[in-house]
Amino acid sequence: MAADRQITAGIMPLLDSALLVAAKEKGFASGEGIDLALVRETSWANIRDRLAVGHFQVAHVLAPMPIACNLGLTPLAARTVVPMALGLGGNAVTVSNVLWEDLVGNGAKADLDPRTAGAALKSVVTGRATRGDGPLRFAVVHPYSGHNYELRYWLAACGIDPTRDVEIVIVPPPLMADALAAGTIDGYCAGEPWNTASVVLGVGHILTVKAAIWRSSPEKVLSADARWAEAQPEALAALLRALCKSAQWCAAPANREELAGLLSGPAYLQKPAAWMMPALSGQIETGGAQTTRVEDFFIPFAKAATFPWKSHALWFYSQMVRWGQVAHNAANEAVARETYRPDLYRAALGPMGIAMPVANAKVEGALTAETPVGSAGASLSLGPDGFFDGEIFDPDRLDDYIARQR
Amino acid sequence: MVIDENRLRASVIEAGLRDAGYDKLTILQDVTGVARRIAELEPDVIVISLENPNRDMLENLFQLSRAVKRPIAMFVDRADRASIEAAVEAGVSAYVVDGLKQERVKPILDMAISRFNAFSRMARELEEARTELESRKLIDRAKGILMKTRGLSEETAYALLRKTAMNQNRKISEIAQSLITAAGLLAPPEDE
């Protein structure tokens with residue numbers, strides 16, 4: 001195999017590393033002539049640094065991270081491109097048993113509904129403030145993460161100021177359950193299987209899920225070192241083809257158990273295969289022996305789940321502006337828009353005849369039901385993709401959206 | 001300030017920095033309360049292992065002005081690519097207060113890098129020595145089994161193991177392990 005077809009990818013121990021793991025383990029990568037090595041990392045910072053110094057050509061990263069890198073917001077920033085997404089959804093908000101009891105007393109139910117959960121949390125937060133108790137402390141995995149933005153979005157829409165009314169700290173996903181058990185944090189938003197972990201260990205309850213806060217929403221993407229992507233377009237295209245086949249394989253219900261087994265292996269998550277099943281099946285165990293069915297909890301392939309929508313990039317950018325991480329101006333907006341590269345996706349996967357959206361951006365939250373849309377190749381349905389509060393994000397009216405959220 | 005969960009490595013780095021004349025050192029084994037310690041001590045340079053899963057938490061602290069009074073950037077100079085590569089290779093990362101002179105910081109970072117590399121070498125050698133010892137024990141047991149069951153001399157028993165290993169293109173210790181396993185399976189049942 002030619003040296004330029006050797007690709008090393010950094011991954012974090014999360015369920016949504018599935019597309020990369022299956023691409024390697026099920027031979028989709030080698031089938032495309034790619035010698036794919038996967039390296040499990042301990043922090044997103046390590047992944048970013050190793051991409052920057054060329055140890056990794058590509059990596060499994062939080063969808064807003066490459067935008068933050070290109071905006072120069074991170075300490076060591078190398079130019080990165082996003083040629084593909086690695087699925088939609090996959091996160092949940094988990095709270096400690098103590099907070100859960102408090103929330104139930106304030107009307108929370110085990111149905112994962114973000115409205116009732118949010119209303120209960122608002123009562124608890126107000127009650128604590130009245131009594132002079134300290135603010136609740138929530139954890140997310142990274143400041144530039146879907147977790148941070150969806151948690152803040154949900155809290156703000158429920159009348160809780162994420163900056164003033166609660167404290168938000170950073171904890172690595174595998175340590176969330178321990179932090180919850182130790183009482184260091186009262187709740188967290190993280191990817192699977194790290195919510196299920198707290199439920200299985202009996203230290204927490206799942207309160208709501210990403211798929212309910214914003215259905216069919218972006219989570220992890222494939223980030224590529226821009227210098228490498230420009231020098232090796234053929235290798236990148238071959239990798240995208242392999243990941244596309246892997247996504248189809250991961251999406252097939254018949255493969256769930258095998259996929260759970262692969263992910264549980266020592267090189268990947270090193271946790272029981274049973275921990276992977278709730279996210280893959282959508283049967284979410286929320287705690288106290290309750291199970292709730294969640295549609296579209298994690299979508300590996302359907303609904304253009306691997307397409308790098310520019311509207312997703314721009315929504316993340318709008319939230320960076322909203323929470324004071326970056327100033328809004330035309331130059332920064334352009335950086336966010338250009339980080340996601342549907343052109344690379346189209347060039348690599350168009351010839352495969354898969355369902356390919358005609359547009360590069362869409363109005364997020366516009367579809368209330370599954371809807372057939374214009375596509376090249378196979379027919380394509382998108383949605384529902386609504387935000388739980390009924391808001392709409394129109395990337396062509398970004399200024400309005402940003403102004404509305406101030 | 002050095003943050004390292006590996007106590008042994010932390011002491012190796014500490015010794016190196018002290019020898020080089022840096023005596024205002026704080027070594028933290030875990031990150032509990034790190035924000036408070038940083039605020040109290042106002043370190044010029046923070047060195048942390050790449051193995052530490054809390055780098056994301058730490059970087060977030062640096063971005064929040066209320067946690068740290070002085071802005072902290074990563075590494076000596078973003079443009080110093082060789083330094084950055086050497087640090088990542090060695091598995092160490094350093095955060096430096098903005099505005100600190102490069103000549104002052106570079107030796108600290110270089111020291112941390114060389115100590116990390118030295119530690120990795122030590123750990124590797126230790127691991128090799130351990131494996132070596134394990135294999136020798138296995139081979140001794142396998143020799144014993146052959147001497148007892150086939151009446152061979154120690155020398156002949158070893159020669160047989162070595163020949164088998166060469167024929168099968170495997171390590172002698174692997175052949176020894178197989179033999180021990182097989183002998184265990186074939187042994188007459190113990191009286192109960």
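**Tour: from the chain interface to a helix pair**

Start where the two chains meet: 17 residues of chain B are in contact with 18 residues of chain A. Keep in mind that this is a predicted model.

Stay on the chain B side. Select helix H3 (55-63), strand S4 (72-74) and helix H4 (81-90) of chain B; each gives two or more residues to the side that touches chain A. Colour H3(B) first. H3(B) supplies the largest share of that side, six residues. Now colour the chain B side by class. Its residues divide into eight nonpolar, four polar and five charged.

Next, chain A by domain. Select 3-87 + 219-270 + 306-313 + 324-352 for domain 1, 91-213 for domain 2 and 357-404 for domain 3. Turn to domains 1 and 2 of chain A. Their centres, taken over C-alpha atoms, are 28 Å apart. The contact takes 13 residues from domain 1 of chain A and 12 residues from domain 2 of chain A. On the domain 1 side of this contact, 10 residues are nonpolar, one is polar and two are charged.

Last stop: two helices of chain A. Select H12 (residues 233-251) and H17 (residues 342-349) of chain A. They pack at an angle of about 75°, with axes 9 Å apart. Angles of 65 to 115 degrees count as roughly perpendicular, so H12(A) is roughly perpendicular to H17(A).

Show the side chains here. From H12(A), pick A:Leu236, A:Ala237, A:Leu240, A:Arg241 and A:Cys244. They meet A:Leu344, A:Tyr345, A:Ala347, A:Ala348 and A:Leu349 in H17(A). By class, this contact of H12(A) with H17(A) has nine nonpolar residues, no polar ones and one charged.

Terms used: Residues numbered from 1 in each chain as written. Chains lettered and ligands numbered in written order. Predicted model: local features only at pLDDT ≥ 70, side-chain atom pairs only at ≥ 80, totals over all residues. Axes fitted to C-alpha atoms, helices over the stretch in contact; angles between N-to-C directions. Helix = DSSP H or I, 4+ residues; strand = E, 2+ residues; numbered from the N terminus. Parallel < 35°, antiparallel > 145°, perpendicular 65-115°, else oblique. Contact = placed C-beta atoms within 7 Å. Nonpolar A, V, L, I, M, F, W, Y, C, P; charged D, E, K, R; others polar. Domains from an automatic or database assignment.
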